[in-house]
Amino acid sequence: MIKKIALAIGLTAASMSSFAADFIEGKHYIQISEKAPSAQPKLTEFFSFYCHNCSSMEMNYMADIKANINSNIQFDTKHVDYMRSDIGTEVMRALAVIQELNAQKVMTKAMFKAIQGENAGHGHDHGAPGDDHSPKLNNRDDIKQVFSENGIDVSQYDKIADSKKTDAKLALWRAQQEEFSINGVPAFVVNDKYKIDMSQIRTLGQLIELINFLSTKTS
């Protein structure tokens, strides 16, 4: 079962006024590691293609976040493994292939829509007429079909998906999911040290300023 938090759909646009003085450790963010912050400032989003709040974050907010965080902050995405199933692992491998092929611009939204339907990112009414809860992707062939339909050459798909590099990437995602206590998605971790409490975030401007603030925090 996908674990969610009631976040992103409630974010509202806001001017970039200063929130930094009001950020409180233990409320707006928590320290999740005793290690020193990463040498390179970075923002990691933990998400799932099965999560409706994640598709809302991707399609409604992520472009603004990337455009307004400090230019030296590297951005990365990691897929959580809440399902612990064969198809869940295949979907994680699909993200690794997307990253290896640099196909995020096309395939991120395509995968959300393949799993959640064409309305992905625009709210979800479980009681809506025609709402279909049958699995959209059941195996690797289904996933490869989504790639092909979106113009991605799948001739190297199996080689990338089954590579040692991909195995290591999935192992890291799973390890960090546990290490950072990623209990709901989407979740944001800054510099492998600070996790944002999305339940305390009220505006997009506040989220962006908190990311920038934590990216320069040294202790």
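Hi everyone, this is a short walk through one protein chain, from its overall layout down to a few single residues.

A word on the source. This is a predicted model, where local features need pLDDT of at least 70 and side-chain atom pairs count only at pLDDT 80 or more, while totals for chains, interfaces and linings use all residues. Residues are numbered from 1 along each chain as its sequence is written, and side-chain values use heavy atoms, with hydrogens and water left out.

Let's begin with the layout. The chain has eight helices and five strands. Here helices (H or I, at least four residues) and strands (E, at least two) are DSSP runs, numbered from the N terminus. Starting at the N terminus, the order reads β-β-α-α-β-α-α-α-α-α-β-β-α.

How many of the 219 residues are buried? The share is 50%. Buried means under 20% relative accessible area, exposed means over 50%, and partly exposed is in between, with a 1.4 Å probe and protein chains only.

Now contacts, meaning heavy atoms within 4.5 Å. Taking contacts between residues at least 6 apart in sequence, 79% join residues at least 24 apart.

Next, please find helix α1, residues 52–60. Eight of its nine residues are buried, among them His 52, Cys 54 and Met 59. What do the buried residues of α1 pack against? Their partners are β2 (42–47), α2 (62–68), α4 (104–116) and β4 (187–190).

Let's look at one of those partners, α4. The axes of α1 and α4 are 11 Å apart, and the helices pack at an angle of about 150°. Axes are lines fitted to C-alpha atoms, for helices over the stretch in contact, and angles run from 0 to 180 degrees between N-to-C directions. The crossing of α1 past α4 is left-handed. A crossing is left-handed if the near helix is turned anticlockwise from the far one by less than a right angle, and right-handed if clockwise. On the α1 side we have His 52, Cys 54, Ser 55, Glu 58 and Met 59, which meet Thr 108, Lys 109, Phe 112, Lys 113 and Gln 116 of α4. Sorted by class, that contact has three nonpolar, four polar and three charged residues. In this sorting, Ala, Val, Leu, Ile, Met, Phe, Trp, Tyr, Cys and Pro count as nonpolar, Asp, Glu, Lys and Arg as charged, and the others, Gly among them, as polar.

Helix α4 also packs with α5. Their axes come within 10 Å and cross at roughly 130°, which makes α4 oblique to α5. For these words, angles under 35 degrees count as roughly parallel, over 145 as roughly antiparallel, 65 to 115 as roughly perpendicular, and the rest as oblique. This crossing of α4 and α5 is right-handed. Met 107, Ala 110, Met 111 and Ala 114 of α4 make the contact with Ile 143, Val 146 and Phe 147 of α5. Which classes do we find there? Seven residues are nonpolar, with no polar and no charged ones.

Helix α5 (residues 140–149) has another partner, α3 (residues 86–100), with the axes 10 Å apart and an angle of about 30°. These two helices are therefore roughly parallel to each other. From α5, the contact uses Arg 140, Ile 143 and Phe 147, and the α3 residues include Ile 87, Val 91 and Ile 98. The class count is seven nonpolar, no polar and three charged residues.

Let's move to strand β3, residues 74–79, which holds Phe 75. Phe 75 is partly exposed, at 27% relative accessible area, whereas Thr 77 counts as buried at 15%. Leaving aside neighbours within four places in sequence, Phe 75 touches Leu 43, Glu 45, Met 62 and Lys 66. By the same rule, Thr 77 is in contact with Glu 45, Phe 47, Leu 95, Gln 99 and Trp 173.

Last, some backbone details. The peptide bond from Val 185 to Pro 186 is cis, with omega near 0°, and Pro 186 sits in the loop between α7 (164–179) and β4. Ser 181 is in the loop between α7 and β4 and has a positive phi of about 55°, although it is not a glycine. Asn 191, in the loop between β4 and β5 (194–196), has a phi near 60°. Are these two residues buried or exposed? Ser 181 is partly exposed at 35%, and Asn 191 is buried at 2%.
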